[in-house]
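Here is a friendly walk through some surface patches and strand pairings. Have the structure open as you read along.

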Amino acid sequence: ARLDARLDTIMHRLRGGEYGTPLCRGERSVEFQREIKEEMRRQEREMYAEPGGHIGSVLDKLPLPAASESNPCIELTFKGGPKPIGKCTIELFKEEVPTESKWLCTHFQKFTLPRFRPDMMLELTSNQKPPKPSRLESLHHIEPYLLTMKRNQKTAVFRITTMITHSLNPTHQVVGRILSGIEIIEYIQKLQSCATTELWKEPLVEITGYARTVRHPLEIALRKLDEKEKNRDAQKRDNDAAFLADKDEEEREAKRAKYAKLAEAERAEAERAEAEREKAEEQKQDDFVIPKLVSSTTTDESDCTSDSSTSSKASNTSKSSFSEKAS
């Protein structure tokens, strides 16, 4: 019961009661609430860049345009002195900010990176005259890793944000989104630098770069997918053709075997008919020879009988003539 009472007292103090009452060693004071609030504010700063930045109108929460292969893209190449650092690809919102998109594709060629805010944004400058801002639609900074242009400047000033920055909505216009190369932006923010102001830092190495227009990664991926599907269809057609060829070859082989069997059967039938015909011819010849032999033997017998009758007649005649002479 004493322990339960002690726990109730501690919970009462943690909820704000008896502010400033000292607690025993190992017990948490009301400062624990302040730690919790500080942690919540830190999480808010990480998510929204500034405390209270998430508090705004409904327009501040409208989503940015989705990625589309019809949007143009530019590729920024960064150099730290003579050494290359890396590249990043940025998609431009052509439908929402057509003037800025066209200017970035045609006029934005070289730039410098004079300063940056750690874990928040990079600043890119160019000596060229900036384009007139588009009046079609105002896009807000509701995502990290955006390309935004500063309004009402004599020279073009662009910033690449690395976190949600609602504080830039009144003075900047979102023109694009980073698609690849986020690790390059993070690497640049970790370079050695010196603090110029309380918030901004200047890199010790001069960082310059140039921009060029490239194809959209989604377009490249879709084209590769189409080529892959075409190759798959071609492979399928080749396989089907090979299968049909094999099937036709099998059918031809079956037909050849069938025709060979039929030809063999016809040949055997012809040989059997030839054998029967030869056998019939031999039988016919045998039937013709036997009657001929029989007829020849009868003729010989008749000749013998006729000879014997003639000789008997002759002997009788001679006997009668001899008797007549004798008489």
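## A nonpolar patch

Leu 218, Leu 222 and Leu 225 make a nonpolar surface patch of about 210 Å². Keep in mind that the model is a predicted one.

Let's look at one of these residues, Leu 218, which sits in helix H5, spanning residues 217-326.

## A negative patch

Now turn to the charged side chains. Asp 226, Glu 227, Glu 229 and Asp 233 form a negative surface patch. Among them, Glu 229 is found in helix H5, the helix that also holds Leu 218.

Glu 229 has a relative accessibility of 36% and therefore counts as partly exposed.

## Strand S3 and its partners

Next, follow strand S3, made of residues 110-117. Which way do S3 and strand S10 (residues 207-214) run? They are antiparallel, and four bridges join them. Within this pairing, Lys 110 has Tyr 210 of S10 as its bridge partner.

S3 is also joined to strand S4 (residues 121-126), again by four bridges and in an antiparallel arrangement. Here Arg 117 is bridged to Met 121 in S4.

## The hairpin turn

How many residues lie between S3 and S4 in their hairpin? There are three, and Asp 119 in this turn has a positive phi of about 60°.

Methods: Residues numbered from 1 in each chain as written. Predicted model: local features only at pLDDT ≥ 70, side-chain atom pairs only at ≥ 80, totals over all residues. Heavy atoms only, no water. Patch = residues over 30% accessible without salt bridge, like charges linked within 9 Å, V, L, I, M, F, W, Y side chains within 5 Å. Areas by Shrake-Rupley, 256 points an atom, 1.4 Å probe, with all protein chains shown as cover. Salt bridge = Lys/Arg side-chain N within 4 Å of Asp/Glu carboxyl O. Helix = DSSP H or I, 4+ residues; strand = E, 2+ residues; numbered from the N terminus. Pairing = 2+ DSSP bridges. Lys, Arg positive; Asp, Glu negative; His and termini not counted. Charge placed at Lys NZ, Arg CZ, Asp CG, Glu CD. Buried < 20%, exposed > 50% of the residue type's maximum accessible area, 1.4 Å probe, protein only.
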